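The stops below follow one interface.

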Amino acid sequence: MKTQYLCSDPLTVLFSALMFLCSSAVFAAAEDDIVWELENDAESIARALELAAELTSTGDQEVLEHRITLHFGDEDIQQRHRITKRYNSSNGVADGTDIVYWDSANENITFNEVTVVSSAGRAISFNPNNVKVIDSNGYDVFTDTREIILQLPQIAVGALSIVEYSTVIDLKELSTPFMIQHYLQSSLHQHFFDLTVSWDTRKPDWVTDFSELQCEEDVSRLTCNAGNIPPVDLDYSVSYYDEIPSVTIAETTSWEEIGEIVLAGVEQAAEFTQQIEELYQERFAGIADKPAQVRAIHEFVTKEIRYVSFSEGVHSIVPHSLEDTVTNLYGDCKDKATLLWALLDRIDVQSYPTLISTNRFDASKASLPGVAYFDHMIVCVDDPDLGTFCLDPTDIYSSLEMVSATVQGKLFLSLLGDKVLSGTLFEAEYLWYFIVQTVSEILQDGTVTEQQHRTYGDYYAASLRASAASYDSEDLVEWAQDMYQETIAGDKSPEFELEGIDTLDRLVTLKSDTEYADLVAADQPLYFTDQAFWLRYTASALTMDNEVYSYRFPGIRYVGKYSYVVDDAWQVTHAGADLEYISEFGALNRTVTIEGNVADIETEITVPKRIVTLAEKESFNKFLELIQLESNFVVYGTLR
Amino acid sequence: MDTPSDSNIGIKLRPGWQVFLLTLGTFGVYACLWFYSRAKEIKRMEVQNFWPWLWVFVPVVALAAAFALNNLADAYCKLARSKGSTATPRGLGLMGVMLMFVVITFAVLERVSFSSILYTIALLSFAAIMLMLNNAVRNFAVEIDCLDTSGFGKVRNIVAGVFYTLGSGAVSILIIILLLSEYSGERLNEEVPFVSENGQYRISFPDGWRANHDSFMNTDSLYYFLGPNMSEVGIHEYTGLSIDDVVPTRMLNLQDVLDPIDCKENRSFIANTFIRKVVLICTGKELGEDYSIGSAVLVFEDSTMAELYGSFPTENPSSVNPELERIIESFEPLPL
């Protein structure tokens with residue numbers, strides 16, 4: 001199936017493509033590693049029924065109770081979760097599959113109870129043979145997280161489910177300090193939430209940003225609880241990790257310690273062996289200058305090393321060796337980043353690996369140090385000759401000069417030994433940057449010919465490459481024609497010439513030639529209307545739809561140069577307005593010049609990235625709407 | 001296009017018959033008071049094209065003038081005949097006075113209109129009587145002193161009564177003229193607010209501009225203003241249209257009117273609002289004369305629009321009339 005291209009949803013195409021790459025993980029089946037000690041505890045069932053009788057139904061499905069106990073022992077860390085749910089409608093029943101997230105590399109998990117209680121009060125046991133374990137989507141290269149899928153039997157309206165499981169982490173096996181961040185809101189209403197943290201000798205740090213969570217701490221115990229936690233509000237464009245309140249419990253550590261631990265693993269994997277030296281000599285040593293070498297190394301690691309998430313066991317933190325990666329010609333984020341880092345080091349480019357949390361923009365949400373925030377690794381260059389920039393070796397569509405859009409603005413931790421940098425990564429002012437140059441000739445017989453060059457920069461170029469990725473090279477023209485037909489004219493199949501679509505250059509250019517017959521009346525005064533369709537489409541796609549949360553607008557920069565060459569049968573009299581719209585959100589400027597019978601219309605739009613609050617939504621959308629409204633052109637002329 | 005109603009502009013209309021009777025009963029004094037006390041309302045009526053006072057006041061003056069003229073003429077002729085003199089021909093003298101008043105009236109109004117004709121009739125009636133009276137005093141002054149006072153007393157009483165009534169009317173007329181000149185003169189130099197159902201606007205006019213009430217370019221303007229040298233400005237409001245309907249329509253019209261034509265269009269926000277101002281100004285020749293014709297459209301956030309449309313003669317065919325540019329620049333919504 002072809003990947004849906006840019007015109008359908010530009011913001012999700014690249015993301016989807018990357019997700020596809022990062023989710024095609026290889027992993028061993030883990031069902032056998034789960035321990036089942038199920039029992040239908042009468043007391044537990046009675047407690048669930050008691051809660052059900054007490055609590056008024058809220059929503060299609062609800063959590064009556066979620067209890068977590070966490071014990072920091074000297075040898076291990078034990079967790080226990082007990083979740084009681086009620087199903088109130090057919091919609092709730094339809095969503096009745098339960099999922100438990102499991103860090104299989106570090107945790108031993110035991111299910112203590114999985115029971116369904118029918119509305120009549122009858123207990124139904126779960127058959128462990130009906131469990132499935134799948135790899136979590138995303139860049140889960142550091143946690144090796146799995147999803148344990150529990151298909152609960154005989155869920156019906158009015159039924160209750162009780163799931164209780166415990167995990168044990170052996171501290172001797174844990175390569176980085178323990179940290180758990182529990183998000184306090186979910187898609188379900190929670191009537192009771194209860195957290196108990198205890199410790200033997202090492203008191204953990206903890207922090208919460210949920211004001212409703214009532215916590216008490218004594219010398220050996222922390223207890224927190226909250227009632228009636230509403231479900232999280234869903235919205236169109238949200239970074240939920242930044243919005244949902246959480247409670248974080250972690251072993252005492254520092255960012256420096258985290259950085260040193262991870263860097264030690266990367267350095268161990270980055271040993272430059274003879275095989276790697278031979279690779280270097282063969283592929284890169286002969287390249288004349290350092291910038292060209294960097295470009296070649298980046299292209300090699302990005303395009304020739306296939307992305308495969310293979311992060312079992314110790315490799316959830318420590319990358320595979322360079323030899324493994326080069327021999328296999330595949331690797332995960334950190335494998336590719338380690339290879340890139342090592343090769344850059346070989347040509348004396350100063351760089352460092354950098355951990356990225358692809359789900360988090362807000363650094364304040366990571367107030368306790370921990371590696372669990374991070375799910376991705378890139379390499380940042382800080383070289384006196386080359387400047388400062390970052391390379392994402394898993395992004396097979398972005399140019400060397402561009403920080404991959406999936407990591408821009410995200411929480412990062414640079415692995416510089418004892419000089420750790422943390423915060424949020426650089427974010428481009430204008431993520432969507434494109435230039436449209438069009439020359440249209442209006443002929444005496446009413447025919448209009450159009451030559452158009454669309455040049456897309458950086459992220460837009462990467463997005464187009466992603467959308468074209470599923471097309472064979474001979475079908476790329478068809479891809480471009482489809483896009484043209486959906487955006488401009490459904491009955492036209494222009495001739496296309498594509499540049500940069502299969503390289504990692506900064507720009508992608510699509511050149512088209514089209515002819516429209518009988519577009520203007522030959523014997524009438526000239527009244528020719530046209531539109532900056534591509535601009536209109538992009539502005540429309542970036543309108544703020546959010547109703548609950550602020551919107552992270554990625555920024556647009558657009559330059560449109562439209563020239564209309566009119567036959568001498570007419571005298572051009574006017575070609576629209578000069579525009580000078582300046583607002584708090586950006587600027588829309590246009591100049592119109594008429595020289596003889598040629599009208600030139602040059603438009604520049606700059607709407608920088610920003611966080612658009614709900615209070616600003618109406619005004620912001622009005623500005624984007626204005627951009628669409630002013631995408632119309634009219635060329636007037638009198639008959640000679 | 002929406003037209004504001006009386007109640008929207010806050011004018012309280014009085015019954016005309018009351019004004020008529022009171023004016024007759026007070027020999028015109030009430031007319032003076034009435035006009036004086038309602039000067040502001042009359043100005044707003046001007047803007048809104050309401051003219052009830054003309055139908056009350058002018059006929060009174062005209063009828064009274066005609067009646068007085070007849071009586072005075074009879075008395076004058078009778079007296080002249082009794083003195084063996086022949087009656088002075090009225091026609092030529094009246095003609096000269098009439099021309100003088102026509103010139104004065106036109107100078108004030110700068111335009112022939114129904115109202116100016118009414119003013120002229122009223123003024124001529126009064127002027128004729130004053131002329132006859134002046135002739136009587138000049139020709140018979142000595143004889144009057146020697147006459148039986150009762151013989152001329154009737155005439156004198158008539159003259160006095162008529163003079164009083166018409167004098168009051170004359171003052172009223174002067175007030176009207178002053179009101180008009182005041183409205184069309186200094187006041188238009190200031191920022192003039194206009195209130196309608198759809199919005200409030202502000203325009204700054206140069207010296208010599210005033211409001212007028214005639215239709216403009218064969219369309220109904222909410223407001224219409226006249227300036228020197230046949231310059232004119234109208235304001236229109238639109239609902240249910242888009243700027244891409246209004247501007248092309250204007251442009252195509254102008255293309256028909258001006259030949260050759262040279263146009264410039266600008267669009268921007270007003271201050272820190274999302275109200276757009278779209279300005280289209282074209283220069284060219286209309287019937288052999290150089291003209292600047294401009295349109296400034298305020299596009300409000302609810303998509304309603306107000307357009308100021310002006311036509312100005314220009315001395316230089318390659319440049320826009322600076323007064324047109326200034327007026328267009330000043331056209332803004334209120335309050336910002």
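With which residue does E301(B) form a salt bridge? Select E301(B) together with K622(A): the two form a salt bridge, with the closest N and O atoms 2.3 Å apart. The term covers a side-chain nitrogen of Lys or Arg within 4 Å of a carboxyl oxygen of Asp or Glu. Between chain B and chain A the count is four salt bridges.

This is a predicted model, in which local features need pLDDT of at least 70 and side-chain atom pairs count only at pLDDT 80 or more, while totals for chains, interfaces and linings use all residues. Residues are numbered from 1 along each chain as its sequence is written, chains are lettered from A and ligands numbered from 1 in the order in which they are written, and side-chain values use heavy atoms, with hydrogens and water left out.

Next, select everything in contact (heavy atoms within 4.5 Å). This picks up 18 residues from chain B and 24 residues from chain A.

Now colour the chain B side by element. Helix 9 (243–257), strand 6 (261–269) and strand 7 (276–286) of chain B each give two or more residues to the side that touches chain A. Strand 6 gives the most, with eight residues. Helices (H or I, at least four residues) and strands (E, at least two) are DSSP runs, numbered from the N terminus.

Finally, show strand 31 (residues 578–583) of chain A beside strand 6 of chain B: they pair in the parallel sense over three bridges. Pairing requires that DSSP finds at least two bridges between the strands. Within strand 6 of chain B, N266(B) stands opposite D578(A).
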